[in-house]
Amino acid sequence: SKAAGERAAAIMSLIATARQNGYEPYAYLKDVLTRLPTHPDRRIAELPPHRWR
């Protein structure tokens, strides 16, 4: 479906951006998905690969 394709593209984009920033994609996604449920909304800008630590 179109929605599934858009979700897949977003995930692939995150993986590619993590690689471009020198991060191992699995480690990045695992950390972000683990933090997400308790991460404050006002600090969501910390999670994209280019700002992740």
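I'll cover the ground rules, the core, the annotation and then the surface.

Ground rules. This is a predicted model, where local features need pLDDT of at least 70, side-chain atom pairs count only at pLDDT 80 or more, and totals for chains, interfaces and linings use all residues. Residues are numbered from 1 along each chain as its sequence is written, and side-chain values use heavy atoms, without hydrogens or water.

Core next. The largest nonpolar core has five residues: Ala18, Tyr28, Val32, Leu47 and Trp52. By nonpolar core I mean buried Ala, Val, Leu, Ile, Met, Phe, Trp, Tyr and Cys residues joined through side-chain atoms within 4.5 Å. Buried is under 20% relative accessible area, exposed over 50%, partly exposed in between, with a 1.4 Å probe and protein chains only.

What does Trp52 touch, beyond neighbours within four places in sequence? Its contacts (heavy atoms within 4.5 Å) are Tyr23, Ala27, Tyr28, Asp31, Val32, Arg35, Glu46 and Leu47.

Annotation. An unreviewed UniProt entry labels residues 13-50 "domain: Transposase IS66 C-terminal". UniProt annotations may be inferred rather than shown by experiment; positions follow the numbering used here, and feature names are shortened.  That span is 50% helix and 0% strand, and its end C-alpha atoms lie 12 Å apart.

Helices are DSSP runs (H or I, at least four residues), strands likewise (E, at least two), numbered from the N terminus. Leu33 lies in helix α2, residues 25-35. Leu33 is exposed, at 57% relative accessible area. Ile11 sits in helix α1, residues 2-20, and is partly exposed at 47%.
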